Amino acid sequence: MPDASADRTGPALSALLHETRQFPPPAGFAAQANAQPGIYEEAAADPLAWWERQAEHLQWEQRWDRVLEWDLPYSKWFVGGKLNASVNCVDRHVAAGIGDRVAYHWVGEPEGDTRDITYADLKDLVAQAANALVELGVEAGDRVAIYLPMIPEAVVAMLACARLGAPHSVIFGGFSADALASRILDADARVVVTADGGWRRGTASPLKPAVDAALEQCPDVRSVLVVRRTGQDVAWHEGRDHWWHDLVDRQSTTHEAEAFDAEQPLYIMYTSGTTAKPKGILHTTGGYLVHTSTTHRLVFDLKPERDVFWTAADIGWVTGHSYIVYGPLANGATSVMYEGTPDAGGQDRWWRIVEQHKVSILYTAPTTIRTLMKWGEELPAAHDLSSLRLLGSVGEPINPEAWMWYRTNVGRDRCPIVDTWWQTETGGILISPLPGITATKPGAAMRPLPGISAKVIDNDGNEVGNGEGGYLVLTEPWPGMLRGIWGDPERYQETYWSRFPGYYFAGDGAKLDDDGDLWLLGRVDDVMNVSGHRISTAEIEHALVGHPRVAEAAVVGASDATTGQAVVAFVTVKGEVEGEEGEALVRELRDHVATVISPIAKPRQILLTPDLPKTRSGKIMRRLLRDVAEHRDLGDVTTLLDSSVVSMIDEKMRTGAASDDE
Ligand code: WT7
């Protein structure tokens with residue numbers, strides 16, 4: 001069984017355990033904050049009544065009969081209620097007279113390629129896209145795959161699906177054809193929405209060819225809707241492929257939306273688990289929308305009339321779903337949506353965007369903060385960032401150094417920082433300070449939000465005391481929770497509900513400090529966190545052994561100063577390899593992983609070894625390999641089949657014989 005010890009956690013841990021600084025909520029913030037003192041007590045007194053009050057912020061076509069039906073591990077929220085997610089995100093704001101408000105300041109990667117989209121614009125676009133999907137035969141319950149760059153059509157396509165009750169499955173544009181195909185097949189999607197390509201660091205990078213290749217394995221996909229973004233040449237399948245500008249633009253801007261059951265599936269988002277097969281995390285409509293809009297309002301203190309909110313993440317991940325699309329739109333917020341990388345057009349690109357659009361709330365990942373840090377504090381210093389009033393972090397433990405840099409150089413010591421812990425499975429934020437109420441500590445997510453019940457427990461399921469570490473579990477259901485794994489109820493039960501009966505096991509280690517505040521310590525399973533991307537060791541091992549030269553592979557996540565963790569692979573090959581041939585093979589294997597999964601999964605290092613260290617029962621000793629990868633002392637290796645294997649691997653690692661850093 002994995003343990004919650006320090007070696008799982010990347011660079012953050014050792015530093016953060018010694019951190020003692022604390023920042024009170026800034027004076028002046030508290031008086032106007034959306035979350036007022038007493039909110040924790042109020043929610044704790046009757047959590048269901050509290051969630052029910054939050055649900056009243058949405059527009060329901062039919063009110064629910066019961067807030068929660070809990071048949072562990074299956075929950076239904078707002079039972080009997082009916083609503084339409086797209087109407088809640090768009091139409092009702094136009095009806096309320098704020099159609100002129102900008103929903104998105106969209107910023108394309110090429111300089112000057114920008115577009116402001118108001119709520120009224122969005123309403124027309126979504127209606128047209130919904131009508132187009134209807135023309136393609138999409139009905140409630142059908143799955144639609146979306147494989148797009150960060151362009152407005154991505155949001156429009158998602159909302160059009162939601163409007164029809166057709167669950168979308170957005171697949172990150174960085175995934176390869178194989179990864180795309182396996183997700184389309186698992187979800188049994190019949191329609192794919194894509195683009196010719198997207199812009200990445202000044203060059204047009206293709207997307208459509210990956211769809212064409214994937215669909216060779218997916219005979220049931222009957223229609224592909226293609227956005228023209230870059231103008232690249234694309235192969236065309238008559239009858240199957242349709243240009244967005246042909247099919248969508250000619251549709252009516254009126255579409256009568258149907259109200260769906262609160263538990264109507266809204267989307268499937270694939271994420272890595274501890275096996276090679278990604279899990280299709282299922283989210284439904286009512287509870288998810290309540291959860292994302294509530295947390296967006298409270299954690300980010302959103303004032304829709306004046307804030308400009310920017311989640312700097314990709315729509316292909318859950319952060320984009322919940323805090324670029326559903327949470328902000330349900331709240332009638334104005335958001336920035338940026339297509340490119342932080343250094344496209346110069347390493348100060350972000351600060352120019354903040355300055356130009358007067359961004360007031362910025363939400364990003366520690367890995368990006370560390371990258372911005374590397375580029376130097378002169379860059380943010382040269383821009384007017386005075387519009388910022390709140391900063392957020394998500395995706396991995398944030399090391400105190402990055403937290404302090406963010407606070408000082410971006411927030412100029414004025415802005416509270418919310419370190420928000422959650423997962424694809426949780427749908428929205430569960431653990432975070434509330435600005436204006438909760439003090440903050442560099443590196444701590446502090447405490448569960450109102451309406452959320454979490455504990456840190458030891459191996460035997462007993463709650464740990466202050467100053468102690470253990471496993472993070474959620475002890476009560478919450479509205480945004482996953483409703484299951486698509487097509488695999490057993491795996492749902494097994495992955496989340498079997499380790500500690502009655503509790504949701506998050507897979508993260510956590511610690512309570514002496515004040516009882518919560519610190520997240522990283523994964524305790526074989527899931528890595530590379531630049532805030534969740535990647536499974538098993539998935540990469542599977543890709544590696546799929547190469548004809550590979551006999552066996554073991555993958556571990558090793559600490560990395562920028563990416564948090566980095567992928568290190570230990571590989572035994574079939575036949576002999578020597579010298580230059582070995583180097584070429586290592587390069588080939590790294591590219592192989594990028595091709596089979598995605599460039600984000602490409603190992604930083606691959607070590608060719610004649611053998612892998614195993615226990616007597618034949619299990620690969622990953623913890624030991626991680627120690628080797630991080631050049632730590634090996635300690636006790638007596639349970640190994642052959643301890644000389646490890647010494648040999650360690651020797652190779654230290655002499656750098658295996659590295660292939662770019
Ligand atoms: C895993 C979930 C939540 C959207 C992005 C990632 C890690 C996430 C934090 C945080 C420490 C964090 C956990 C979690 N994680 N936020 N604030 N502090 N760790 O979603 O891909 O589903 O990954 O990310 O390990 O289990 P995801």
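Colleague: Is Trp497 buried or exposed?

Modeller: Buried means under 20% relative accessible area, exposed over 50%, and partly exposed in between (1.4 Å probe, protein chains only). Trp497 is buried, with a relative accessible area of 4%. This is a predicted model: local features need pLDDT of at least 70, side-chain atom pairs count only at pLDDT 80 or more, and totals for chains, interfaces and linings use all residues. Residues are numbered from 1 along each chain as its sequence is written, and side-chain values use heavy atoms, without hydrogens and water.

Colleague: Which residues is Trp497 in contact with, leaving aside its neighbours within four places in sequence?

Modeller: Contact means heavy atoms within 4.5 Å. Among the partners of Trp497 are Trp70, Leu72, Pro73 and Met481. Leu72 is 425 residues from Trp497 in sequence, yet 8.7 Å away in space, C-alpha to C-alpha.

Colleague: How do I read a helix, say α18?

Modeller: Helices are DSSP runs (H or I, at least four residues), and strands are too (E, at least two), numbered from the N terminus. The expected span of a helix is 1.5 Å times one less than its number of residues. Helix α18 (residues 579–596) has 18 residues and reaches 26 Å from first C-alpha to last, close to the 26 Å expected. Its buried residues include Leu585, Leu589 and Val593.

Colleague: What covers the buried residues of α18?

Modeller: The cover includes α17 (537–545), β28 (550–560), β29 (564–573) and β30 (605–608).
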